[in-house]
Amino acid sequence: MTTTTLITVAPTGAESRKSDVPALPVTLEELVATGKECQAVGASVIHVHLRDDAAEPTLDLGLLKDAVGALRAETDLIVQLSSGGAVTDPEEDRLRVLDAEPDMASCTMGTVNFGDDVFLNRWAFIVELHTRMRDRGIVPEYEIFDLGQLTALRRLLDKHGLPFGGHVHLDLVMNVPGGMPGTTEALVACVQAMRDLPEGTTFSATGIGRGTLPVMLASLSAGGHLRVGLEDTVTYAKGVPVESNAQLVARAAAFARLAQRPPMTPAEARTLLGIRGE
């Protein structure tokens, strides 16, 4: 059982609109300010989706490079770019995310129904993403939307080797319509399946929407880590809008302290994840 907790903030995502969620950070200035606020209350990783001047989701390489540079200059956070983008983004654009040279990037381990859409992740694309990250010294976070994707992860590692840094870290994304439910039972099933993964594998868990609190508590009790943010939930309680990403990180940090597993510093998280030095 780990004695500290890795807290990732996912501040923006690709689904919500600024007009519906005024607290959503969509400009570079808002993203950097959010990063600083969230680091101050316990975050050590920031999972980044970007928006363009019209606040629409984008994988523009210039904007990605600007975001990586600004977050590194203004915070100590580990910068993790989403290679998922929006569900409509083509594979070549998703692979080009790595050209922005983040510390980490996401690698989703299979295709999943995503509400009314399909989040497509072909096996060949997953392999290409995994190997490119290793070649470039970028640490992956393997995103798991359903139990079978843990078996796919084992297959990937068996056939194509460990990621850069040698440490395997994954995120259980729970309660997406079309994926696994955001329940304690589902999380326990995933933890049991992780026994087939390399020794020392660590996991975070993300509860979408109303799954936020049960997933957070279940993950802490099982020795896991946490991801929170406006990408994943826009309400703090039923009928109560989230005021800021820092509000969600502060709650996660408070739960972690109650579990006697206080938040990791960014430096501690770099050591855990095998992030290369600057």
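Buried, in this talk, means under 20% relative accessible area, exposed means over 50%, and partly exposed is in between, with a 1.4 Å probe and protein chains only. Helices (H or I, at least four residues) and strands (E, at least two) are DSSP runs, numbered from the N terminus. This is a predicted model, so to speak of local features we ask for pLDDT of at least 70, and side-chain atom pairs count only at pLDDT 80 or more, while totals for chains, interfaces and linings use all residues. Residues are numbered from 1 along each chain as its sequence is written, and side-chain values use heavy atoms, with hydrogens and water left out.

Let me start with helix H9, residues 266-273. Pro 266, Ala 269, Arg 270 and Leu 273 are its buried residues. Looking down the axis of H9, they fall within an arc of 105°, so they line one face of the helix. That arc is taken from the directions from the helix axis to the C-beta atoms.

What covers the buried face? The cover includes H1, E2, E5, strand E6 (104-108), strand E9 (139-144) and strand E10 (169-174). Contact here means heavy atoms within 4.5 Å. After H9 comes Gly 274, with a positive phi near 75°.

Ser 44 sits in the loop between H1 and E2. Its relative accessibility is 0%, so Ser 44 counts as buried. Beyond four places in sequence, Ser 44 touches Leu 6, Ile 7, Leu 77, Ile 78, Met 264, Thr 265, Pro 266 and Ala 269. Asp 146 is another matter: 102 residues from Ser 44 in sequence, and 26 Å from it in space, C-alpha to C-alpha.

Now the cores. A nonpolar core is a set of buried Ala, Val, Leu, Ile, Met, Phe, Trp, Tyr and Cys residues joined through side-chain atoms within 4.5 Å. The largest has 36 residues, and Leu 31, Ile 46, Val 48, Leu 71, Leu 81 and Val 249 touch the most other members. Which elements supply at least two residues each? They are strand E1 (7-9), helix H1 (28-41), strand E2 (45-48), helix H2 (61-74), strand E5 (78-81), helix H7 (212-221), strand E12 (225-228) and helix H8 (245-258). H8 gives the most, with six residues. Apart from this core lies another, of 32 residues, among them Phe 125, Leu 150, Leu 170 and Leu 172.

Take Val 48 up close. Not counting residues up to four places away in sequence, Val 48 touches Leu 31, Leu 71, Val 79, Gln 80, Leu 81 and Ser 82.

We work on a 1 Å grid over the protein atoms alone: a cavity is a set of points where a 1.4 Å probe fits but cannot get out, a pocket is an open set with protein on both sides within 12 Å along at least five of seven lines, and lining residues have an atom within 4 Å of a point. Points are joined across faces, edges and corners, and a volume is the space filled by probe spheres set on them.

How many cavities of 30 Å³ or more are there? Two. Strand E11 (202-207), H7 and E12 each supply at least two residues of its lining.

Gly 85 deserves a stop. Gly 85 lies in the loop between E5 and helix H3 (91-96). At 13% relative accessibility, Gly 85 counts as buried. Leaving aside neighbours within four places in sequence, Gly 85 is in contact with Ala 14, His 49 and Leu 59.

The largest pocket has about 430 Å³ of space. Of its 27 lining residues, Glu 15, Phe 114, Ile 208, Glu 231 and Asp 232 lie nearest its centre.

Ala 55 has a positive phi near 65°, and at 17% relative accessibility Ala 55 counts as buried. Gln 260 has a positive phi near 60°, but Gln 260 is exposed, with a relative accessible area of 69%.
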